[in-house]
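Reader: I would like to learn how to read a few features from a set of coordinates. Can we take them one at a time?

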Amino acid sequence: MDTIFHRISIRKYKNKPVEKEKIMQILKAAMAAPSARNQQPWEFYVITNKDKIKELSKVSPYASCAENAPVLIVCAYLTDCVLPSYAQIDLSIAQENMWLETDSLGLGGVWLGIAPVSERMEKVEKILDLPENQRAFSIFTLGYPDESRPQENRYNENKIHFIN
């Protein structure tokens, strides 16, 4: 999986729309993620409306890069799933799958953390008028990259511990 060693956070995008087929492929990758007891607690909201994108870019001090993205995908989780205490873990796995598929399609993105900060979660939920049984988890910006750099090498042998 070369994408694991290639994927970087992209915060600048070309003014070019993302094809619906690529968005759907990214969402298929997200839904291929494992989840606790196969609960699949995810819901995905694809936002291309510029006004909504602008609103969402203001929910966090770290979300300003979302304003110029052609697509945002808001990931939410169901609170009435089988194991709600594992829902955020399940969404993290799905989010990583999305990111790797995004890279493999020649696109770029960045994961903007919303959960577990209640204030941010509530802002997103209000903007999108999410149902009561859903909580906002993250915003994923998506588009054709207008920046590039190599991924930094994060391998650190000192973080590996063998217990025999």
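Reader: Is glutamate 125 buried or exposed?

Author: Buried means under 20% relative accessible area, exposed over 50%, and partly exposed in between, with a 1.4 Å probe and protein chains only. Glutamate 125 has a relative accessible area of 14%, so it is buried. This is a predicted model, in which local features need pLDDT of at least 70, side-chain atom pairs count only at pLDDT 80 or more, and totals for chains, interfaces and linings use all residues. Residues are numbered from 1 along each chain as its sequence is written, and side-chain values use heavy atoms, with hydrogens and water left out.

Reader: Which side chain does glutamate 125 meet in a salt bridge?

Author: Side chains of opposite charge can pair when their charged atoms come close. The rule for a salt bridge is a side-chain nitrogen of Lys or Arg within 4 Å of a carboxyl oxygen of Asp or Glu. Glutamate 125 meets arginine 135, at 2.7 Å from N to O. The pair links distant parts of the chain, with glutamate 125 in helix H4 and arginine 135 in strand E4, ten residues apart. Arginine 135 has a relative accessible area of 22%, so it counts as partly exposed.

Reader: How many salt bridges does the rule give?

Author: The count comes to four. Among them is the bridge between glutamate 147 and arginine 149, whose closest N and O atoms are 3.4 Å apart. Glutamate 147 is partly exposed at 25% relative accessibility, and arginine 149 is partly exposed at 39%. Another of the salt bridges joins glutamate 152 and arginine 154 at 3.6 Å, N to O. Here glutamate 152 is exposed, with a relative accessible area of 52%, and arginine 154 is exposed at 61%.

Reader: Back to H4. Which of its residues are buried?

Author: Helices (H or I, at least four residues) and strands (E, at least two) are DSSP runs, numbered from the N terminus. H4 covers residues 118-128, and its buried residues are Arg120, Met121, Val124, Glu125, Ile127 and Leu128. Down the axis of H4, these buried residues fall within an arc of 165°, so they line one face of the helix. The arc is that of the directions from the helix axis to the C-beta atoms. Glu119 and Lys126, on the other side of H4, are exposed. After H4 comes aspartate 129, with a positive phi near 50°.

Reader: What do the buried residues of H4 pack against?

Author: Contact means heavy atoms within 4.5 Å. The buried residues of H4 pack against strands E1 (42-47), E2 (71-78), E3 (108-113) and E4 (134-143), and against helix H2 (50-56). Take valine 124: leaving aside neighbours within four places in sequence, it contacts Leu56, Val59, Val74, Ile114, Ala136 and Ile139.

Reader: Which residues have the most contacts inside the largest nonpolar core?

Author: A nonpolar core is a set of buried Ala, Val, Leu, Ile, Met, Phe, Trp, Tyr and Cys residues joined through side-chain atoms within 4.5 Å. The largest has 49 residues, and those with the most contacts inside it are Phe44, Leu56, Ile73, Val124 and Ile139. The largest share of this core, eight residues, comes from E2.

Reader: How many aromatic pairs does a search of the whole structure find?

Author: A pair of aromatic rings is described by the distance of the centres and the angle of the planes. Rings of Phe, Tyr and Trp (its six-membered ring) pair if their centres lie within 6.5 Å; planes under 30 degrees apart count as stacked, over 60 as edge-to-face and the rest as tilted. The search finds three pairs. For tryptophan 99 and phenylalanine 140, the centres are 6.1 Å apart and the planes are at 75°, so the pair is edge-to-face. Tryptophan 99 is in helix H3 and phenylalanine 140 in strand E4, 41 residues apart. Both tryptophan 99 and phenylalanine 140 are buried. Tryptophan 111 and phenylalanine 137 form a tilted pair, at 6.1 Å centre to centre with 50° between the planes. Trp99, Trp111, Phe137 and Phe140 form one aromatic cluster.

Reader: What sits over the ring of tryptophan 99?

Author: A charge sits over a ring if NZ of Lys or CZ of Arg is within 6 Å of the ring centre and within 35 degrees of the ring normal. For tryptophan 99 it is the charged end of arginine 7, 4.0 Å from the ring centre. Lysine 16 lies over the face of tyrosine 144, at 4.1 Å from the ring centre.
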